[in-house]
Structure formats: C-alpha cells, structure tokens
Amino acid sequence: MNKPVQISPLRPRYAEKTPPCILQCPIGTDIRGWITTIAQAEAYNRTNQQVLNLAWQNITDRNPFPAVCGRVCPYPCEAACNRKDKDGSVAVNAMERFVGDFAIANGWKLTRLSQECHAEKIAVVGSGPAGLSCAYQLCRKGYAVTVFEAFSRPGGMLRYGIPGYRLPREVLDAEIQRIVDLGVELKCNLVIGKDISLERLRQDCRAIFIGIGAHKGIKLGIPGEDAANVLTGAEFLNRANSGDAIEVGGKVVVIGGGDTAIDAARVCRRLGAAVTILYRRTRAEMPAIARETDAAIDEGVSIEFLTAPTEVLRNEGKTQGLKCLRMELGDSDASGRPKPMPIIGSEFEIEAATVIAAISQEPEVDRIDEMRESAGWLQADEWGATREEGIYAGGDDLALALVATAINQGRLAAQAIDAYVRSADRTRTVAHPEANNVIADWHMESERHERPRLPVEQRDMNAEIESGLQESEVIEEAQRCMSCGMCMDCESCWTYCTNNCFVRLPKGEHYSIKLELCNGCKKCAEGCPTGYLELI
Ligand code: FAD
C-alpha cells in the first residue's frame, strides 16, 4: 500500500470534554448523558419507557429529586447551553421534570447500590434537600440512617418556604416517600438540641450530618419593627404553607429582593392584598430567580426599586405603613454589588396593613450551640466536614443557596461520611476540559419546546402555574441536544476521512482510529460537530 502524502504532523484522537451544562449544574448531573440516551431511543432500538427509565436512573444517581428540581431549579445549565445563541437553549429543566413525573406516575423505586449492610448508624439532622440527599446516598450504600426533623412534615423549605403553586405537595411527597421506601428512617417533630441533644446523637451514631437550613428571618433593625403585623418572610411563608389562615389586610409591603420576598408577595396577592415590594438596589442586582420575579409582576405585584424603609409607622401598636428613603447606587460593597446610598431629602411614606421583612434568613444554631461559629453560620470544608470529628454539615446552614446546591452538599458529605466510617480515601472524579469547540451550524434549526403557563386570572394558592411537556415533545427536545464534547454517532469523522482511518466498533463504542493511515488532513476533527475529536 502507498504511504499517504503527509499534509500535517497532527493526528486525531477522541477526548471527552465536559459540556457547559454539566459544568454549571450545581449537582454535576450527567445532563448530556441522560438527554442523549433519550434522543437515541430509536438508534439503540429502545422504547420511550426504557430510555426514560435509563435517564431517571442516571439523574437519581446524584439527585433523588428530579421532579422537584424540574420545577424549582433556576437551571444555570440552560444559561450555559451552546445552543442558546442558535435557536434557544435545550429545555433541560422541562425534560428533567418530565422524567421525574414519569417516574412517579410509573411507581419507579430507588435501589441500593449493593445488598451490603453496615452496622454503623448515621444521624441526619433536618429533612430538607441537603439532609434527605445525604440520607439517600448513605442508605443506598447500606447504612442505617435516621433523619430527625423539627417540623411535623419533611422537606424543609421545599414544603415550608416554596408555595404549592410552584411545587405541588403530591410531587414533593412522592419523591420523599421513595427515599423512605428505600429504608431511611424519618422521625418528625423532634428538635435536635431540645428534644434530643447533639451529644446524645454522637454517642448513638458513628457520624452526623447537619442540614438544618436557615429558618430564622433577619429583622430590619428599624424603629417600630415590634409592631403587630410585622413578620419576617420565613415566618410568614411557614405559616401560609402550614395552612394557617393569615389576615394580611388590603395593603402589604414586602421588603427584600430574593426568592423569599417574591414568594411572600405572590402569596399575599393570592390572599387578595395589593402588594408592593421595596428593594434597595435595581432589578439587575435582584437575587430572586428572574422568571419568578417576572411572574410576580404579571400577577400584579409592584416593585419599588432603589427604596429602603427607615421606620415602621404605627398606631396603637399596629402597623400603618412605612417611612422610606430613595437610594442611589454607589461603589461595590463586600458582596460585589453596588452599594445603595440614601438620597438626602427623599423621604416618603407608604401605607401598609402588613409589613413582611424578607431581607434574609440565618440558621437557628442556638439549639446546637456547640456547632456555632463566630458569624452564627456553620462552617465546613468542601466535603462538609466540620471542625468536630464525625460531624458534617451542608445546605443553607453553611450559606443561603439553591435546592440543587443543598442536594450536592448532602451527596458529597455522604461520600465523606462513608470514607470516614470505612477509613478510606475520599475520591472525586476529575472533570474533563470544557467542550467549547462545538459546530452549532451542523444542526438544523429546531424550535425549543416551552412549558405552557396558566393564565394569570386562573392562578390561585395551589394550582400549578407551569405544566409539563408532552412525551413526544420531550423526545424531540432531547434531539436538540448537541452532545457537546462526546460522540453522538453522527459519522462525520468516518465520512470526511478519505484514507479509511476510522473503523466502526460495535454500537455504543463508536470508532477506533488507524493512525498509520492518517495523513494529518485535519478534516475529521474540523468537521466533528461535538468537539469530541481533537488534533494532537
Ligand atoms: P432546608 O430546606 O431549610 O431544611 C432544613 C430542615 O432542617 C428544615 O425542615 C428544618 O425544620 C430542620 N431543622 C432545623 N433545625 C432543626 C433541629 N434542631 N432539629 C431537627 N430539624 C431541624 N431554591 C431553588 O433552587 N429554587 C427556588 O425556587 C427556591 N425558592 C425558594 C423560596 C423560598 C421562600 C425560600 C426560603 C428558599 C427558596 N430556595 C429556592 C432555596 C432553597 O429552598 C434552599 O436552598 C434549600 O431548601 C436548602 O436546603 P437545606 O436542606 O439546607 O435546608
């Protein structure tokens, strides 16, 4: 055989890259993996039921709450999607919700990793997403795990913070029940640090995970705040989500710019009040999830930006309104956001029958005083290990974050607890470099599937605002994924190569490359739409 004429010394090789969606997912879910599995149903001769089950197993390896996250996650994965500037990001969150709901409808059960049972008992304090994620991961590794929960029902802020019109309780209950069915023991109405001491748990258990969240609403620190009808956002939402009948009156002012402020305002709208949110910076700095802020505005919540309260106005101990000041933005503060500065002489008053201070929350660490750090928050390393041997922590008690962050921290702590109990090393998989060499033009234009939303006039306290995609839409949406950084069996390399370097392997294994036939023409790598093939 004649030796091919050498064009360049470069040679192709397959090298997996990490797609931006996975890099941005707080849980590091294998988004590309489960979506490609759905997309390739036909190619691999699998039914929709089979690929959806494989996708669900893939997701629940790291996240036992796909139906929850498919509703409340702000999906940073989609903001990073390489398809975003072509014809819209792949609708990852809507597909995750579909997979989660499909699993509930089909009664799929979580399974243990092996039948091995360890003698060591583990205690988890708090049944929010951090605690339940940690309990799930430890239970599937064979540990006897008991979750202690202060409230009467499990779920943490998923139940007592996020309202039912965003997260239906039957969905939450179903995903929690599956963790209990796996073998996690759940004990509600038990406050650690009051009903049972942390010390007692330490004696009974080999390790403890603390996921107590941050349920103490921070006060405004202005005169008149002790008036009746001044509530913190956490307190108000807890009562509303517990089914308490709350009288808020005709006008409500909510202070804050985060998710708690937005949810409190939307609940008050549903109670019939006219609602104004005061936020001391501008829309650009608001930490609340943007689509939820938009929904609040659609529902009639008005927002006064660059405004801060200075006093609660009272009459006979009851709230009448607020004295406020207009603000302007100055230089950046410690949080990196521009600092709001009061404008002298801009005072004005606003009427309110109820004031809700939703500026922030902190953990109720006084119950477990021995874990208190100087700032009142718990502190832990990246694996959740605290300064106390055998005690781990994660979720909002370390810093306010997202449901997905809490799930991930619970998962990492479970790995660390397993390693601690077994005296083994902790292992973390090393991420591949980012897939940024993707040819979006290789793909045909294809419209993104959006979730239908309930018209504003039909929205109430419990009706879910967003409904899910149809099964056929999920299959189509999955086919929009560009499989960034991984082979998707498109055959481009094999097609472009004129020297027959690419040899087909059995389905799923892609190709091997006969480098001795390669002349370095580079066409295979330059034409690889996923960036999986590179030149060295
Ligand atoms: P939590 O969910 O707070 O759970 C902690 C649990 O510990 C609670 O059940 C508590 O009762 C229990 N506990 C506390 N002390 C004790 C004790 N001493 N003994 C026993 N049990 C104890 N995130 C998103 O990603 N998307 C959203 O849309 C979103 N919306 C939000 C809306 C609101 C109103 C709020 C408040 C938060 C929202 N978040 C959202 C944030 C998200 O809910 C939290 O980041 C997440 O719930 C934190 O999980 P966690 O397990 O750390 O704590």
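This is a predicted model: local features need pLDDT of at least 70, side-chain atom pairs count only at pLDDT 80 or more; totals for chains, interfaces and linings use all residues.
**Cysteines**

I began with disulfides (a pair of cysteine sulfur atoms within 2.5 Å) and the count comes to zero. Residues are numbered from 1 along each chain as its sequence is written, and side-chain values use heavy atoms, with hydrogens and water left out.

For burial I use relative accessible area with a 1.4 Å probe and protein chains only: buried is under 20%, exposed is over 50%, partly exposed is in between. Cys81 comes out buried at 13%.

**Positive phi**

Next I checked backbone angles. Asn229 is not a glycine, yet its phi is positive, near 65°. I place Asn229 in the loop between strand 6 (216–217) and strand 7 (230–232). My helices and strands are DSSP runs numbered from the N terminus (helices H or I, at least four residues; strands E, at least two). Asn229 is partly exposed, with 28% relative accessibility.

Asp489 is another non-glycine with positive phi, about 60°. Asp489 lies in the loop between helix 16 (471–478) and helix 17 (492–496), and with a relative accessible area of 24% it is partly exposed.

**Domains 1 and 2**

How many residues of domain 1 are in contact with domain 2? I get 29 residues of domain 1 touching 29 residues of domain 2, with contact meaning heavy atoms within 4.5 Å. The buried area is about 2400 Å², and carbon and sulfur atoms give 67% of it; that is the accessible area (1.4 Å probe) the two parts lose on being put together, summed over both. On the domain 1 side, Phe65, Val72 and Leu110 lose the most area to domain 2, together 26% of what that side buries.

I count two salt bridges between domain 1 and domain 2, taking a salt bridge as a side-chain nitrogen of Lys or Arg within 4 Å of a carboxyl oxygen of Asp or Glu. I also looked up the salt bridge between Arg140 and Asp61, at 3.1 Å from N to O.

**Thr260**

Thr260 is in helix 13 (residues 259–270) and is buried, at 17% relative accessible area. Its side chain makes a polar contact with the side chain of Gln361 at 3.0 Å. Leaving out residues up to four places away in sequence, Thr260 touches Gly233, Ala234, Leu237, Ala358 and Gln361.

**Salt bridges elsewhere**

Searching the whole structure, I find 41 salt bridges. In one of them, Arg480 pairs with Asp87, the closest N and O atoms being 2.9 Å apart. Arg480 lies in the loop between helix 16 and helix 17 and Asp87 in helix 6 (residues 84–87), so the pair ties together parts 393 residues apart in sequence. Both Arg480 and Asp87 are buried.

Arg166 and Asp263 also meet in a salt bridge, 2.7 Å from N to O. Arg166 sits in the loop between helix 9 (157–160) and helix 10 (169–182) and Asp263 in helix 13, 97 residues apart. Buried or exposed, I asked of Arg166? Arg166 is buried at 8%, and Asp263 is buried at 3%. I then followed this pair into a network of salt bridges that links Arg166, Asp263, Arg266, Arg270, Arg291, Glu292, Glu299 and Arg459.

Last entry: Glu388 forms a salt bridge with Arg387, with closest N and O atoms 3.0 Å apart. Glu388 is partly exposed at 21%, and Arg387 is partly exposed at 47%.

Notes. A polar contact is a pair of N or O atoms within 3.5 Å; within protein, one must be able to donate a hydrogen and the other to accept it, and residues adjacent in sequence count only if both atoms are side-chain atoms.
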